[in-house]
Amino acid sequence: MDLATRRRRAALFLFFLIPGLSISSWVTRTPDIRDQLGASTAEMGLVLFGLSVGSMIGILCSGTLVTRFGTRPVMGAGTLLIILSMAVVGAGATLPSAPTVTAGLFLFGAGMGAGEVAVNIDGADVERITGRTVLPTLHGFFSLGTVAGASVGILCTAVAFPVRWHLGAVVLVLAAMFGYAYRSIPADVGKGAGQVPDEGGAATVRTAVWKDRRLLLMGGVILAMALAEGAANDWLPLLMVDGHGMDPALGSAVYAGFAAAMTVGRFGGGLLIDRIGRAPVVRASAVSATVGIALVVFSDSAALAGAAVLFWGVGAALGFPVTLSAAGDSGPDSAARVSLVAMIGYVAFLVGPPGLGFLGDHYGLRTAMIVVLACTAVAVFLAPAVGGRRTAPAPDTPVTP
């Protein structure tokens, strides 16, 4: 791997770390934010609806933006929105103002919906250049960010550190990371994806990738596994507090355990994929997530539910990155294929969990998680769609200078 590619991969590590730090920083403070706002579960669902709206806008625009401008400016703008969102959420908790928190989550959703699709397209490009399984490790840095952010969040919750100062410090750290990483990303990656010159030199659009049946089955896998991850990221602390009677600090600690399990799964996933292939790994992941969620939902023991979260975390770890990697290898127009599957995944990751809040208000959060359980159970049977294993880079793939 040449020096430029190594620097690019290291920059992508940071671009995955930043949203992980961000999301866990405010998720671990959701009990405090809820108390400061005086909001019910349904009202928190409405606050999270801002995340859904922003996510849908970002996701729907991401493919077009990458095609027109390339991945670099899209991931840069998206990451800046994520950083700004932390400041706005902190301000909303301070006022207190539910609309301001909602606006902050809108910015977070828009930034992550657009920016992270671009980051995944860039990561898939690095996989093609190097011929190595890279995406699970990149997503591992997202999980590593959630562990670090959750650990700090737990400490801040335990000592009653003000939310505004906590999130303000997070903004400064994220801004420094962004400034270092952005300069190492090459321009024009993904630009013009899905278009090829015809015999007369004009650009024509290839067959729509959404007509590929196998790619749609991959979309089903990533929808289920991303929903399992997103539901935990948004609701796990409150699920432990309201559903199993834990105190807020212990509920945040359970979430940190989930994030740690995902981190271990993602950093160790590349070796497993190279040894036994993608489909067996994704199937085992879906089984583990299903078992973990079932125990959390149906067990009345808080201790058993807390331990089952580890199965949930390990199971949710590899579905998203492995399916994206398989999509990139599934045919021509790799960027367009990764973009489609990533959009499906981020819809589930960012838009699905707020909907669970409305179910949780009527039936309880534990009961609402049955929806997630059903999705991961279906993913067990869809796993063969992700196919074989990565072998070598495509012979016509140029190395980025």
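## Packing of α3 and α4

L65, V66 and F69 of helix α3 meet T71, P73 and V74 of helix α4. The model is a predicted one. Helix α3 covers residues 41-69 and helix α4 covers residues 71-94.

Two packed helices are described by the angle between their axes and by the distance between those axes. For α3 and α4 the angle is about 130° and the axes are 7 Å apart. Angles over 145 degrees would count as roughly antiparallel, and 65 to 115 as roughly perpendicular; α3 and α4 are therefore oblique to each other.

## Helix α6

Helix α6 runs over residues 135-158, 24 residues in total. From the first C-alpha to the last, α6 reaches 34 Å, which is close to the 34 Å expected at 1.5 Å a residue.

Helix α6 is mostly covered, with 17 of its 24 residues buried. After α6 comes A160, which has a positive phi near 60°.

## S22 in helix α1

S22 is found in helix α1, which spans residues 3-27. The relative accessible area of S22 is 0%, so this residue is buried.

A polar atom of the S22 side chain lies 2.8 Å from the backbone oxygen of I18. Leaving aside residues up to four places away in sequence, S22 touches I82, M86, F108 and L174.

## S299 in the α10–α11 loop

S299 lies in the loop between α10 (278-298) and α11 (302-317). With a relative accessible area of 9%, S299 is buried, because the cut-off for buried is under 20%.

The S299 side chain has a polar atom 3.1 Å from the backbone nitrogen of S301. Not counting residues up to four places away in sequence, S299 touches H244, A294, L304, A305 and R366.

## Cysteines

The disulfide count is zero. A pair of cysteine sulfur atoms has to lie within 2.5 Å to count as a disulfide.

C61 has 36% relative accessibility and so counts as partly exposed. C375, at 22% relative accessibility, also counts as partly exposed. The partly exposed class lies between the buried limit, under 20%, and the exposed limit, over 50%.

Definitions and conventions
Residues numbered from 1 in each chain as written. Predicted model: local features only at pLDDT ≥ 70, side-chain atom pairs only at ≥ 80, totals over all residues. Heavy atoms only, no water. Buried < 20%, exposed > 50% of the residue type's maximum accessible area, 1.4 Å probe, protein only. Helix = DSSP H or I, 4+ residues; strand = E, 2+ residues; numbered from the N terminus. Expected span 1.5 Å × (residues − 1). Polar contact = N/O pair within 3.5 Å; in protein donor to acceptor, adjacent residues only side chain to side chain. Contact = heavy atoms within 4.5 Å. Axes fitted to C-alpha atoms, helices over the stretch in contact; angles between N-to-C directions. Parallel < 35°, antiparallel > 145°, perpendicular 65-115°, else oblique.
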